[in-house]
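Dear colleague,

I am handing over the structure below, together with some notes on what was found in it. Please read the notes with the model open beside them.

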Amino acid sequence: MARSRQAVPPFVHLGSHPIRWQLLNELSRGDYRVRELVTQVGEPQNLVSYHLRLLRDGGLVTSTRSSYDGRDSYYHLNLDHCADILIGAGAALHPALRLRCVPTAFEPAGPLAVLFVCTGNSARSAIAQALLRRQSGGRVEVLSAGSRPKPAMHPNTVRVLRQEYGIDISDQSPRHLDTLGERRFDAVITLCDKAREICPDFGNSTAAIHWSIADPAATGDTDEDSYPLFRATATEIDTRTRHLLPVLATR
């Protein structure tokens with residue numbers, strides 16, 4: 001008796017097309033706009049947009065409006081979801097291929113320095129600095145700065161790091177990006193679409209990475225009302241910094 005035809009696992013179906021595989025590879029390095037992906041994969045914009053839509057419909061990619069230019073969108077690869085459906089793809093072929101995602105030990109080959117940049121350095125970049133420093137066990141020198149730093153840390157930045165992660169940054173103040181012009185970094189990561197446009201070039205040896213993350217303080221709500229936004233932002237940054245560590249280890 002012939003067996004019923006099995007559906008192709010979602011990751012195999014989505015990732016098997018050459019253009020979609022290229023897009024996944026590019027987005028694994030950071031967030032990009034459509035026109036940047038067009039240049040990187042060397043395909044027409046309508047074709048790139050079509051394949052991005054399929055990846056978005058499949059839950060592998062998300063998009064957010066740029067805070068710098070609302071006519072633009074940034075695309076982001078959901079690495080956690082990629083891992084989940086890769087596990088399912090292995091199990092669909094054979095039970096012995098049920099994969100397990102085991103965290104890779106962070107063992108850098110040498111000293112590493114990372115800079116996080118946003119506009120005010122009072123929320124996103126400060127949260128990223130604290131979380132990467134903790135996740136790396138202090139083996140990465142992590143700094144943060146702003147293109148237009150606020151006078152002080154946002155109260156919810158201090159609160160979310162203390163309450164959710166047990167990190168105290170109550171004595172930390174925002175820093176201006178200009179004060180770090182002479183420093184060398186292995187990676188400079190912008191978390192703000194506006195800051196990305198004006199962030200200086202730190203040299204060819206520095207990896208320039210962009211994470212398009214909305215400012216949790218932009219709503220202007222009271223501190224209590226905006227705290228859930230800070231908690232969601234910290235959760236997203238915590239996930240992104242966790243995925244960053246294996247990349248840093250290869251530098």
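For 251 residues a compact globule would have a radius of gyration near 18 Å, and the protein chain agrees with this at 20 Å (the radius is taken over C-alpha atoms, and the globule rule is 2.2 Å times the number of residues to the power 0.38). Along the principal axes, the C-alpha atoms fill a box of roughly 75 × 40 × 40 Å. This is a predicted model, in which local features need pLDDT of at least 70 and side-chain atom pairs count only at pLDDT 80 or more, while totals for chains, interfaces and linings use all residues. Residues are numbered from 1 along each chain as its sequence is written, and side-chain values use heavy atoms, with hydrogens and water left out.

The chain has nine helices and seven strands, where helices (H or I, at least four residues) and strands (E, at least two) are DSSP runs numbered from the N terminus. Of its 251 residues, 44% count as buried, which is to say under 20% relative accessible area, with exposed meaning over 50% and partly exposed in between (1.4 Å probe, protein chains only).

An open sheet of three strands runs in the order β1-β3-β2 with antiparallel pairing; two strands pair if DSSP finds at least two bridges between them. β1 (32-33) and β2 (61-65) are at the edges with a single partner strand each, so one side of each has no neighbour in the sheet. Five antiparallel bridges link β2 with β3 (residues 73-77), and V61 has L77 in β3 as its bridge partner. The loop between β2 and β3 holds R71, which counts as exposed because its relative accessibility is 73%. R71 and D215 are 144 residues apart along the chain, and their C-alpha atoms are separated by 18 Å.

Parallel pairing is found around β6. Four bridges join β4 (residues 112-118) to β6 in the parallel sense, with V188 of β6 as the bridge partner of L115, and four bridges also join β6 to β7, again parallel, where T190 is partnered by H210 of β7. In β6, A187 and I189 point one way and V188 and T190 the other, and all are buried.

On a 1 Å grid over the protein atoms alone, a cavity is a set of points where a 1.4 Å probe fits but cannot get out, whereas a pocket is an open set with protein on both sides within 12 Å along at least five of seven lines, and lining residues have an atom within 4 Å of a point. Of the 13 lining residues, V188, T190, R196, A208 and I209 are the closest to the pocket centre. β6 (187-190) and β7 (207-210) each supply at least two lining residues, and β7 gives the most, with three.

Finally, T219 lies in the loop between β7 and α9 and counts as partly exposed because its relative accessibility is 44%. Helix α9 (residues 223-249) has 27 residues and reaches 37 Å from its first C-alpha to its last, close to the 39 Å expected at 1.5 Å a residue (the expected span is 1.5 Å times one less than the number of residues). Among the buried residues of α9 are Y227, F230, I237, D238, R240 and L248.

Best wishes
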